[in-house]
Amino acid sequence: MENLLIQDLKMNAYKNETVNTAFRAERKRLFEFIKKRVPQPADAEDVLQDVFYQFTQVYDPVAPIEKIASWLYRVAKNKIIDRHRKMKPVYMSPQNDSENEEKGSFLQTLFHPDDGTDEIMTRELIWNAIEVALDELPKEQRQAFVWNELEEKSFKEISLETGIPINTLISRKRYAILYLREQLKDVYKELFNS
């Protein structure tokens, strides 16, 4: 009985240390990621707290999350989407893709300030199609796309973190984009040419 208590105490200490380490390592960058997508700083802070609260609730030292940073960004993205579902629908304009690239990131092109049920359904359809297409990509291409577009890391930053040459990362992302375009073509036609 005493051994189980000691083991539980050690597991809790390990969990707390892992959570604290992740918080210290990712808080600032994750907050910047959220702030770009949530207009009010107080709301961005709420999302950040929700993400770390969820992390503390689901993290299990027995079956740990392998890539904590990626998990945190995915949860943040989902919480931002949920927040926008309640407040703003997403609209993907078929006009001037070059304008969208100049104005902001891939994610920013999906957010539009008008409210409406049709736009909410459109956003859900688009995100579902993107998630399915991303899951079909080879791991290296998917990672390059997610790091650069969804986590908004520069190729230089990714290269420093992973040791993968910048040109390789650019090439992987390019192949990912070509594949995503092809996979999402039917969704695009259905939404904007019907």
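Predicted model: local features only at pLDDT ≥ 70, side-chain atom pairs only at ≥ 80, totals over all residues.

1. Residues are numbered from 1 along each chain as its sequence is written, and side-chain values use heavy atoms, with hydrogens and water left out.

2. The structure holds 13 salt bridges (a side-chain nitrogen of Lys or Arg within 4 Å of a carboxyl oxygen of Asp or Glu). Side chains of opposite charge can pair when their charged atoms come close.

3. One of the salt bridges joins Glu45 and Arg27, at 3.3 Å from N to O. Glu45 belongs to helix α2 (residues 41–58) and Arg27 to helix α1 (residues 2–35), so this pair ties together parts that are 18 residues apart in sequence. Helices here are DSSP runs of H or I with at least four residues, numbered from the N terminus. Glu45 is partly exposed at 22% relative accessibility, and Arg27 is also partly exposed, at 28%. The classes are buried, under 20% relative accessible area; exposed, over 50%; and partly exposed, in between (1.4 Å probe, protein chains only).

4. Glu161 and Lys153 form a salt bridge with an N to O distance of 3.1 Å. Lys153 is buried, with a relative accessible area of 7%, whereas Glu161 is partly exposed at 46%.

5. Lys185 pairs with Glu182 in a salt bridge whose closest N and O atoms are 3.1 Å apart. Both residues lie in helix α8 (residues 166–192), three residues apart, or about one turn of the helix. Lys185 has a relative accessible area of 35% and is partly exposed; Glu182, at 47%, is partly exposed too. Elsewhere, salt bridges with shared partners link Glu26, Arg29, Glu151, Lys153, Glu157 and Glu161 into one network.

6. Helix α2 has 18 residues and spans 26 Å from its first C-alpha to its last, close to the 26 Å expected at 1.5 Å a residue (the expected span being 1.5 Å times one less than the number of residues).

7. Which residues of α2 are buried? They are Ala44, Val47, Leu48, Val51, Phe52 and Phe55. Seen down the axis of α2, these fall within an arc of 125 degrees, so they line one face of the helix; the arc is taken over the directions from the helix axis to the C-beta atoms. Ala42, Tyr53 and Gln57 are exposed on the other side of α2.

How values were computed: Helix = DSSP H or I, 4+ residues; strand = E, 2+ residues; numbered from the N terminus.
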